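Here are my notes on the model you sent over, in the order I'd go through them on screen. Have the structure open while you read.

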Amino acid sequence: MTDKTSTQVGQEMYRFITELYPICRSITGDGVRETLRLIRKHIPLEIHEIPSGTKVFDWTVPQEWNIQDAYIKNNKGERVVDFKKSNLHVVSYSQPIHTKMTLGELKPHLHTLPESPEWIPWRTSYYKESWGFCLTHKQFQTLQDEEYEVCIQSSLEKGSLTYGEYVIPGQTTEEVLISVNVCHPSLCNDNLSGTVLAIHLAKKIRSEKPRYTYRFLFIPTTIGSIAWLSGHEKATENIRHGIVLTCVGDSGGFTYKKSRRGNAEIDQVFSHVFKHSQCEYSIIEFFPYGYDERQYCSPGFNLPVGCFMRTPHGQYPEYHTSGDNLTFVQPQFLEESFSYCLQAMTILERNKTFMSQNPNCEPQLGKRGIYKVMGGQSDGAKKEMPMLWMLNLSDGHHSVLEIAERSGLPFDVLYEAAEILVDHGLLKAITR
Amino acid sequence: MTDKTSTQVGQEMYRFITELYPICRSITGDGVRETLRLIRKHIPLEIHEIPSGTKVFDWTVPQEWNIQDAYIKNNKGERVVDFKKSNLHVVSYSQPIHTKMTLGELKPHLHTLPESPEWIPWRTSYYKESWGFCLTHKQFQTLQDEEYEVCIQSSLEKGSLTYGEYVIPGQTTEEVLISVNVCHPSLCNDNLSGTVLAIHLAKKIRSEKPRYTYRFLFIPTTIGSIAWLSGHEKATENIRHGIVLTCVGDSGGFTYKKSRRGNAEIDQVFSHVFKHSQCEYSIIEFFPYGYDERQYCSPGFNLPVGCFMRTPHGQYPEYHTSGDNLTFVQPQFLEESFSYCLQAMTILERNKTFMSQNPNCEPQLGKRGIYKVMGGQSDGAKKEMPMLWMLNLSDGHHSVLEIAERSGLPFDVLYEAAEILVDHGLLKAITR
Amino acid sequence: MTDKTSTQVGQEMYRFITELYPICRSITGDGVRETLRLIRKHIPLEIHEIPSGTKVFDWTVPQEWNIQDAYIKNNKGERVVDFKKSNLHVVSYSQPIHTKMTLGELKPHLHTLPESPEWIPWRTSYYKESWGFCLTHKQFQTLQDEEYEVCIQSSLEKGSLTYGEYVIPGQTTEEVLISVNVCHPSLCNDNLSGTVLAIHLAKKIRSEKPRYTYRFLFIPTTIGSIAWLSGHEKATENIRHGIVLTCVGDSGGFTYKKSRRGNAEIDQVFSHVFKHSQCEYSIIEFFPYGYDERQYCSPGFNLPVGCFMRTPHGQYPEYHTSGDNLTFVQPQFLEESFSYCLQAMTILERNKTFMSQNPNCEPQLGKRGIYKVMGGQSDGAKKEMPMLWMLNLSDGHHSVLEIAERSGLPFDVLYEAAEILVDHGLLKAITR
């Protein structure tokens, strides 16, 4: 896998976000199905349906929710709040209703953000029967004390939970899990950005012959990963590395949240990538909140799954509001995210452990033509250092990444040295 | 055990110091017996006597020392140094003497503090036959070159070493050892303060049904702990945690000196308490000097016993002088010490390890009514974090304290979350 | 071994450098032989010869190189570059040549340092057939475009590689390896300084009855250590500690480069010595470049061998130039290096592990006359602390050096305390 990104990738990712943006998704229903159908134009997803009522560990797959229309009309018959204008206007999983009520009766069902009066908040009520509308605080303040017609044309019925899965077989059955949620309505960074990043990683990886098998999951958050884990307990034993992708399109610095294990190879890989990058970043410790890493890292599984983000959830004001829109995410940020993620995957693929075939003293590199010829110069062996490090530490106990960490050299430089040394019979990859 | 201290506790502690202050204690003799008799009015001590001459490891219980009176009279017959005015005036374990001598002959037996001319120093000569007087440097400078009558009415005879022991039985035979020395004469911080703190902890703990068995020792320093250890070698196997209390009544910040092990649970507990407090404190490493932790932490025992102080011994000028008086210690400082110590004991009592009863993915807290209902808000799960941490790390390998350290949350908050989760059948305490 | 250095040592070391300086050494040849012959006047070296063509691991002992004369004459017959003036003028291992050529033809064979125009660089071509001259850039710039007579009277023939070895038998067969290279021509810091340091350490150590057996190697760099290791694979099993000495005569601060293991006893010893010194120093991590530690620390051997230097190779402009001369190194710097090195060896010799013979509680030091008599003073047990630390940590798991590290006290102070305690039957050295 080589890291050949062009400005095209960012544009393509952005374009597909634009296409997916208007769809009203929730944790079940036709919004997710339509989303997966569009993804399938890019990669050959398998689409799975899990019937409502299925027990998945401590949870139960909920009824399926669909919505046709919703509005609040004032007494002039004008739609003062209109689902057609923004699918955020309706609390997700709102029950159907059609009635008239006073502003006083309506108010407990209205959600606004007084501190961001121009944005519609996003609210959900997946596991409690309820209904409600979200609107900008500005809209809210114009509401007169009159009677309103309140209508939500939704359905909550037996159906199923839908998710997509795409497996790229590798040279081994050891797996890399890449998981994104596809359950949010018109919100770009959280998480259409992660969705399109996963798609482009998949497109890139399937064009190579990867060492690992890659499993991509496009799932509703929480219930989706729980349902998948519940049905694949045995399969999780093959997962060697994993990553949840979310909030990867904004202009902020990068954030890598470590797996619960804290020192998994994937944790080391992302730390290494960013340490050797020029970008702003922070590596944060695991905590049991956030995205589906909560489930993958639950104590019964404790999978080595981290979470890759730019600005983390809840730390930008646009989060879970209509401000998380097509302006908030931009092609160049998506592309950077793609690039770093690909670098990390490339390191995972290449992070082998070698055994020196000439462990007693240094081999004579000069006679093989891979060492400077004239001795004595004080600039030393700058160019030879990666080879010398690989030879010195390839005792079967240090992976290339571990040698990179100890030497302070970038992974790529050491990997190239390893390839030269393998070509000359001086190193041999081993299974540790 | 709940932490319900009132300003009363500090006052009570101080009042009892006032009562114990005038008694002339030493490592043996009636001063210790009178002290233990007064303590017995508060808690039902058992009083033990170990005969002089008893071998205790490398040591021998010394002869018993008692003193009735002592003075230095000038040639006008005036008591220029008078034991009745301060029991610090006589070097502890001084042999009896009654004779006349010149100032020149007397001087080698006089001890003063030229740098603190208003204070009488405290000196001892437990293990070498000797006699002497201590006086302020100011007094010393007024002494004329004349003949003095020198009298010490003391006795050094076969008798015994006296100590007090109070055991509060717990639900288990695993023990917490709390040790204080009661061998210093009129010195308040060192160590009437530790003595009254131990008494009030004992009163508090016996009013609960503690998990641990608590053993309180009121002993003469060094020889007392050696004698006790010598007679209880087998019993020490039950000691899980221990603490020496001393110098806890002055106005300085807190000091916790770790056990020789350096990472014992008691060490972690005190570190946690102070890290989450607002007070000035320092956590210091073990060193083989100080109080009876020297003996408990000798290599043959290596017990997990720390030392809890405010200003450590030797680091305040009043230390081991008449300046360590009833003004130097104050009720509010005693009370603070009591409060932090009780917090530590409470954590010890509560520091269990739980096992999640639902380790695969998160349990659905919402259906149990212990999770926020409306989703989407960006303030996240602030209130739920303690529950989420407890669930995520209760894999049998993390105690509540270890979860507190990893999460950065205070112990109490996690313990309350654990109690809720136990009530809902989601956690179960285990024996690790 | 006691540390009794006088200003004489530095003078003697410097004087011997002066004697060795003019000799034209290379990795083989009579220059090395003459050097070893002179060293033999100080210590009874065994001199070994390994025939050209001998396989030593991945390497082959090269042909022997000797040189009588070399010059470049201008068309007036003047020697514009003259080997007699500096043996650096000829690239080491230059093949014989005698011909005429234009400046243009000559230039590819000329090496200068434009950034240090007054210095002749030192260049080698051990493993590639070649020839060349080194000269100051200033000289180079005066060369006219004329025909030159170029002459190198050297020989490259079957012969042998010569090295010296001196073993001081100790009380045990466990060895300390001290290795220096003797293959550089007229360069003082690198490495006549290391050579004379090794000689003086040997003279000092053989005057004691050391615990360890000391093996001193005087070898050509790289091929010398490879050849020695190749012939002594089994013998390396006895090596417990080792050090390469180089660049120890300049005015810079000290540098200790750790062994590949990173926490070997020799690493801890040098760290301790410098931590408790007043001098400027840095302790650096191992890297697979530098001197013969590269070979000793190759993965097949992984010996606990560090490298002791003042300013490291390549970090001073005089390095590998004629600037590394008799002015660049000075007696006082050589002597300091000797002193610190000897301190380290002394600690190695003394770094035993003791077992307390009285592990239960402290022994009563007072009755043995090794404890202050009068109690109560606030200056505490300053003088007794080393004894108390030794007694507290001598549980069979802490060497004196480890106790020094934990207590923060200097090794010597603890070792003296240990000797007192051994005399009183309170400690006993054990084999760990």
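1. Let's start with a residue in chain C. This is a predicted model, and in it C:Asn325 sits in the loop that runs between strand S16 (305-309) and helix H9 (331-350) of chain C.

2. A polar atom of the C:Asn325 side chain is 2.9 Å from the backbone nitrogen of C:Thr327, and the backbone oxygen of C:Ser322 lies 3.4 Å from a polar atom of the C:Asn325 side chain. Leaving aside residues up to four places away in sequence, C:Asn325 touches C:Tyr21 and C:Cys188. If you want a distance to check, C:Ile219 is 106 residues from C:Asn325 in sequence and 21 Å from it in space, C-alpha to C-alpha.

3. On to the arrangement of the copies. Which residue of chain B comes closest to the rotation axis? That's B:Asn263, with its C-alpha at 13 Å. Chain B also goes onto chain A by a turn of 120°, here with a shift of 0.0 Å along the axis and an RMSD of 0.1 Å.

4. The contact between chains B and C deserves a look of its own. Chain B brings 29 residues to it and chain C brings 28 residues. Together the two chains bury about 2500 Å², and 52% of that is on carbon and sulfur atoms. On the chain B side, B:Asp58, B:Pro288 and B:Tyr289 supply 27% of the area buried against chain C, more than any other three residues.

5. What about polar and charged pairs across that interface? There are 14 residue pairs in polar contact between chain B and chain C, counting pairs with both residues at pLDDT 80 or more. By the rule used, 4 salt bridges cross the interface. One to click on is B:Asp58 with C:Lys367, where the closest N and O atoms are 3.4 Å apart. As for elements, strand S3 (59-60), helix H6 (223-231) and helix H8 (293-296) of chain B each supply at least two residues of the side that touches chain C. The residues on that side of chain B divide into 15 nonpolar, 8 polar and 6 charged.

6. Some backbone geometry to look over as well. The peptide bond joining A:Asp190 and A:Asn191 is cis, with omega about 20°, and A:Asn191 lies in helix H5 (residues 188-206) of chain A. In chain C, the bond from C:Asp190 to C:Asn191 is cis too, with omega near 20°; C:Asn191 is in helix H5 (residues 188-206) of chain C.

7. Last, two phi values. A:Thr222 isn't a glycine, yet its phi is positive, about 60°; you'll find A:Thr222 in the loop between strand S12 (213-219) and helix H6 (223-231) of chain A. B:Cys247, again not a glycine, has a positive phi of about 55°. Its place is the loop between strand S13 (239-245) and strand S14 (254-257) of chain B. With 0% relative accessibility, B:Cys247 counts as buried.

How values were computed
Residues numbered from 1 in each chain as written. Chains lettered and ligands numbered in written order. Predicted model: local features only at pLDDT ≥ 70, side-chain atom pairs only at ≥ 80, totals over all residues. Heavy atoms only, no water. Helix = DSSP H or I, 4+ residues; strand = E, 2+ residues; numbered from the N terminus. Contact = heavy atoms within 4.5 Å. Polar contact = N/O pair within 3.5 Å; in protein donor to acceptor, adjacent residues only side chain to side chain. Buried area = accessible area lost by both parts, 1.4 Å probe. Salt bridge = Lys/Arg side-chain N within 4 Å of Asp/Glu carboxyl O. Nonpolar A, V, L, I, M, F, W, Y, C, P; charged D, E, K, R; others polar. Least-squares fit on C-alpha atoms with pLDDT ≥ 70 in both. Buried < 20%, exposed > 50% of the residue type's maximum accessible area, 1.4 Å probe, protein only.
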